[in-house]
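I opened the model today to look up a few things. These are my notes, in the order I made them.

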Amino acid sequence: MQHIVIIGATSAMAEHCARLWVQASPVRLTLVGRDEARTQCVADDLRVRSPWSPVKVQVQVLTTDFVNAAAIAHTVQTITALAPVDVVLIAHGVLSDQATCQDDVLACDAALQVNGVSPVLFAEAFAKPMVAANRGTIAIIGSVAGDRGRKTNYVYGAAKGLVSRYAQGMQHRLAHTNVKVVLIKPGPTDTPMTSDLKAKGQKMASVEQVAKDIVAGIAAGKPVVYTPGIWRVIMLVVMHLPRFVFNKLNI
Amino acid sequence: MKLVSAWGRLSHDLHEVQALTDRTAVASVLQAHQPGLAFGNGRSYGDVCLNPNGNLWLTTGLNKFIAFNEATGRLVCEAGVLLCDIQRLLVPRGWMLPVTPGTQRITVGGAIANDVHGKNHHAVGSFGDHVLGLSLARTTGDVLQLDWLNTSDWMRATVGGLGLTGVIVTAELQLRRVSSPWLRTETWPYQGLSEFFELADASEHDWEHTVSWIDCLAGPTARGIFMRANHMTAQEAAAMPSLRAALAAQNRKMQSKPLRMPFVPPVSLVNSLSLKPFNWAYYQLQKLKSGIDVAHYEPFFYPLDNLQHWNRMYGPHGFYQYQSVVPRAVGQDAVQAMLDAIAASGEGSFLAVLKTFGNREAKGLLSFPQPGVTLALDFPNRGERTLRLLAQLDAIVREARGRLYMAKDARMPRDLFGAGYPRLSEFAAHRDPGISSAMSRRLMEF
């Protein structure tokens, strides 16, 4: 039975990935969240969903301080001591407000820490036992926002850019091992806030569809997963726009 | 502000939208953003789910299961869970919702608030009959735990309460056992209402599900198709080896994306030119297929769920639904009078459904189902002429001492509402003063 660990289990994307995993086959799940009550709610939901089978999904809930390196190391040690990890999905983050971050460097610092430094520390901490065992998959949720800095969200984008570059380096390092690093770059995703409403203009992907792409990308061990796939093309164009054109865009 | 429409697409109004995602925080969101109204999956047709220029609290983010007992079939879940999520998860495990309407793409909260009914009303009642308890958030910040033993008055107000007593956050439902997803079905054409009532009465004891489609353009000897079905046991299904391949095909279909109506056509595709051939073809097709058959529960119960956005077919002006129930004693005359009025008006309906309700009162103070016969109709919105016809139908329903279904209504006059729902004053005492809808302002004091 696979042991899957989810960091940031209350995020909508991570939660929908977990739903797909338990529905496909029994798995051992470890959920890590900041808020114990909300993480327990996710765990209860998955227990009901897990199809009837002799082996029930085991869900363990851990809470941790996401921006404290010592706490991260301790959490990862606790998890890997219990059972070897097959997949870790690092999904936590906060969509920070660009204007607030520009106005207040403390907010800027917090956004960079939780969206950039924290996920790569988790990835590095999980890599150690996986490399020793020579198996496992580290999946990190980045963002299309990390592909090119833009005035409307470069603080979040820069943090996700750090994640991208870090994942790229780990992929290079682990290329000749059985440990895989999967970098996921979702485009704007439909949250409950916009569901079933007439979203004028921008078309958003459903969180169910994004979760499907993530689960499939992890199963295939793809190095980079854009979801929905069209964002690979869109970002290719955005990244290669000459500066005199790019600077005229209000994006 | 976001534009929101109900399923009938009669209006597109701006709403201040708040998404509810954390069940422990619902009451505090309501307290901070009131007055407002809960909005589920937007499948009710008229203005029961709308609050133009006001707050709308989206419940589809409350989509977690909480507990399920495999031995007793009791399910506790958040109110934004869709009925299809419950069915698809639990039918393979031998449990099914006892009552579902013609679509399973609605939330549990919406099903309770509108006390929806299905094709088996005569056998098992409405959705509210299977709700064991619920938690209700009020705009005061309180959360009430309701059940039939200690707080039956609150349960009666909230089941069928149109979301006006508070926001349903979680519910405990009693599911029913099914050992296979298959139904044994019979389809019989009929001519005239007498034949319909004979079929319905003859089926009442031995058939759990009964429903009929009626061609409302066919004149005095209205022709129709009567369908009835019973659940098959696992043994019965196993005796038919062909069902194994059929189930695999159905499961593939459930995994794939359904067809969708990709755009709103400039005119209604349901119109006076198309209706006659539509209805004629549908009748002939069903007549050809008549007889005994086996069907999977999804296509039998929810045929329209296979065409996403089917409501767009009615064009940019949307459509009215009109569902009435009239007592059985005058049922045949009243239904015939409504069919005659429709035929004379030149308007017409494609999704016309005729069904007898069982001899039982619903639990909710404002629940729609009552003993008698119910006729559901749809009319593309053609402005004044459509409203004139609906007013004529109102007169027939009023005289027959019937009532209209609120989940479908967008225009019934106050006096018809008052006559149809005599327990309104009892209900009013349980309303949440911080909750109001376009419908409640139209039909009640606020």
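**Helix pairs in chain A**

I began with helix α5 (residues 105–133) of chain A and helix α6 (residues 154–173) of chain A: their axes come within 8 Å and cross at roughly 15°. I noted how axes are drawn: they are lines fitted to C-alpha atoms, for helices over the stretch in contact, and angles run from 0 to 180 degrees between N-to-C directions. α5(A) and α6(A) are therefore roughly parallel to each other. The cut-offs are under 35 degrees for roughly parallel, over 145 for roughly antiparallel, 65 to 115 for roughly perpendicular, and oblique for the rest. α5(A) passes α6(A) in a right-handed crossing. I wrote down the rule: a crossing is right-handed if the near helix is turned clockwise from the far one by less than a right angle, and left-handed if anticlockwise. I then listed part of the contact, which includes A:C108, A:A111 and A:L112 of α5(A) and A:V155, A:Y156 and A:A158 of α6(A). Contact here means that the C-beta atoms of two residues, placed from the backbone, lie within 7 Å.

The model is predicted: local features need pLDDT of at least 70, side-chain atom pairs count only at pLDDT 80 or more, and totals for chains, interfaces and linings use all residues. Residues are numbered from 1 along each chain as its sequence is written, while chains are lettered from A and ligands numbered from 1 in the order in which they are written.

Next I took helix α3 (residues 69–82) of chain A. Its axis and that of α5(A) come within 10 Å and cross at roughly 35°. α3(A) passes α5(A) in a right-handed crossing. Among the residues that make this contact are A:A69, A:I72 and A:A73 of α3(A), with A:L121 and A:F122 of α5(A).

**Chain totals**

How many helices and strands does chain A have? I found 9 helices and 9 strands in chain A. Both are DSSP runs numbered from the N terminus: helices are H or I, at least four residues, and strands are E, at least two. Chain B has 15 helices and 21 strands.

I looked up burial too. In chain A, 40% of the 251 residues count as buried. In chain B, buried residues make up 49% of the 446 residues. A residue is buried if 20 or more other C-beta atoms lie within 10 Å of its own, exposed if 12 or fewer, and partly exposed in between; C-beta atoms are placed from the backbone.

Then I checked the dimensions of chain B. Its C-alpha trace spans about 60 × 55 × 45 Å along the principal axes. A compact globule of 446 residues would have a radius of gyration near 22 Å, and the 21 Å of chain B agrees with that. The radius is taken over C-alpha atoms, and the globule rule is 2.2 Å times the number of residues to the power 0.38.

**Strands in chain B**

I traced an open sheet of 5 strands in chain B, in the order β5-β6-β10-β8-β9, with antiparallel pairing. Why do β5 (65–69) and β9 (143–147) of chain B each have one side without a neighbour in the sheet? They stand at the edges, each with a single partner strand, so one side of each is left without a neighbour. The twist averages 10° from one strand to the next.

Inside that order, β8 (residues 131–137) of chain B and β10 (residues 167–174) of chain B pair in the antiparallel sense over 6 bridges. Strands pair if DSSP finds at least two bridges between them. B:A137 stands opposite B:V167 in β10(B).

I moved on to strand β19 (residues 353–357) of chain B. It is mostly covered, with 4 of its 5 residues buried. Strand β13 (residues 209–214) of chain B runs antiparallel to β19(B), joined by 2 bridges. The bridge partner of B:S212 in β19(B) is B:L354. β19(B) also pairs with strand β20 (residues 372–380) of chain B, in the antiparallel sense over 5 bridges. There, B:L354 stands opposite B:L375.

**B:A400 and the helices beside its loop**

Last, I located B:A400 in the loop between α12 (384–399) and β21 (403–404) of chain B. Is B:A400 buried or exposed? B:A400 counts as buried because it has 22 C-beta neighbours inside 10 Å.
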